[in-house]
Amino acid sequence: MKRYGHSGLPRRAVIQGMAASFTLSLMPRASAGLEAALQARFGDRRPDTGGVELEVSSLVENGNSVAVTVRADPSQPSPSALHLFMPRNPEPWGTSFHIQPPALAEFSTRIRLSGSQDLMALAEWSDGRLGATAVSVMVTLGACADDLYGEF
Amino acid sequence: MSLSARVRIPTEARAGEVIEIRTLVSHPMETGFRVDSFGRRVPRKILTRFSCHYDGREIVSMDLRPGIAANPYVAFRFVADVSGAIELRWEGDEGEVLIERSHLEVIRA
């Protein structure tokens, strides 16, 4: 069997690396950054699936300004807050929107996306329950590309 | 830099009608993550909070983070139940405050 030096790629490491990336792709959508952001805001509470809708286009050309609408499921009692997370941004916590009647549990805004990722919208009810939905967005040119190319 | 807002607030509504407020503020929302051409980090300068008071009640408040795009746009809806003042308020991380006031007249059919 051919041996590789330190500068080469040992076969075992390559195979382990492939296995690791394969495992990662099968994991639920919770990056370390998102996990830390959820922990900071909700402690050990984790969301169930559903109860909130996230409207965003699935393919955007420019990550500097991406229109999003977050809306609670109208068939459920109104949550006290809606949250939006962008897991792969430098700061995953995007915004929190707090609601008191007669306001409706719905808001629209424009966000930055550093690259393609799965956005997560989350509804929080006053009894502590959380509901979440994730939507995958492809970004052609991320918001942070300006840093690299803006000076030319 | 002076803050300025463009807002769309209805001035009249029928009782029980759902109305929408749309807002846009001129602000760079500098993230604090960018680096200038000398490799120095550009300090963060963002609006951190938006709120709406309707007839003295805070019906909506929003934490704005660096992930909100420059010139932050926010739209939301509420049920017009009484005539009253509407006050929109933005606060920045350098203590700057921008307030827009309006009045909503609710017509009882």
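P102(A) lies in the loop between β6 and β7 of chain A, where helices (H or I, at least four residues) and strands (E, at least two) are DSSP runs numbered from the N terminus. The peptide bond that leads from P101(A) to P102(A) is cis, with omega near 10°. Most residues other than glycine have a negative phi, and most peptide bonds are trans.

The model is predicted: local features need pLDDT of at least 70, side-chain atom pairs count only at pLDDT 80 or more, and totals for chains, interfaces and linings use all residues. Residues are numbered from 1 along each chain as its sequence is written, chains are lettered from A and ligands numbered from 1 in the order in which they are written, and side-chain values use heavy atoms, with hydrogens and water left out.

P102(A) also matters for the account of the interface. Between chain A and chain B, about 2,500 Å² is buried, and carbon and sulfur atoms give 54% of that area. Buried area is the accessible area (1.4 Å probe) that two parts lose on being put together, summed over both. Of the area that chain A buries against chain B, P102(A), R110(A) and R112(A) supply 26%, more than any other three residues. In terms of contact (heavy atoms within 4.5 Å), 28 residues of chain A meet 31 residues of chain B.

The polar side of this interface comprises 17 residue pairs in polar contact, both residues at pLDDT 80 or more. A polar contact is a pair of N or O atoms within 3.5 Å; within protein, one must be able to donate a hydrogen and the other to accept it, and residues adjacent in sequence count only if both atoms are side-chain atoms. On the side of chain A that touches chain B, β6 (93-99) and β7 (103-111) each supply at least two residues. The largest share, eight residues, comes from β7(A).

β7(A) also pairs with strand β6 (residues 73-79) of chain B, in the antiparallel sense and over four bridges; two strands pair if DSSP finds at least two bridges between them. In this pairing T109(A) stands opposite V74(B) in β6(B).

Two salt bridges are counted between the chains, the criterion being a side-chain nitrogen of Lys or Arg within 4 Å of a carboxyl oxygen of Asp or Glu. E91(A) and R65(B) meet in a salt bridge, at 2.7 Å from N to O. Over all chains the count is 18 salt bridges. Within chain A, E53(A) forms one with R71(A), whose closest N and O atoms are 3.3 Å apart. That pair links distant parts of the chain, from strand β2 (residues 52-56) to strand β4 (residues 66-72), 18 residues apart.

In chain B, β4(B) and β7(B) run antiparallel and are joined by seven bridges, with L47(B) opposite G92(B) in β7(B). Eight bridges join β7(B) to strand β8 (residues 97-107), again antiparallel, and E87(B) stands opposite R101(B) in β8(B). β7(B) and β8(B) form a hairpin with four residues between them, and G95(B) in the turn has a positive phi of about 85°. A positive phi, near 45°, is also found at M29(B), a residue other than glycine; M29(B) is in the loop between β3 (18-25) and β4 of chain B.
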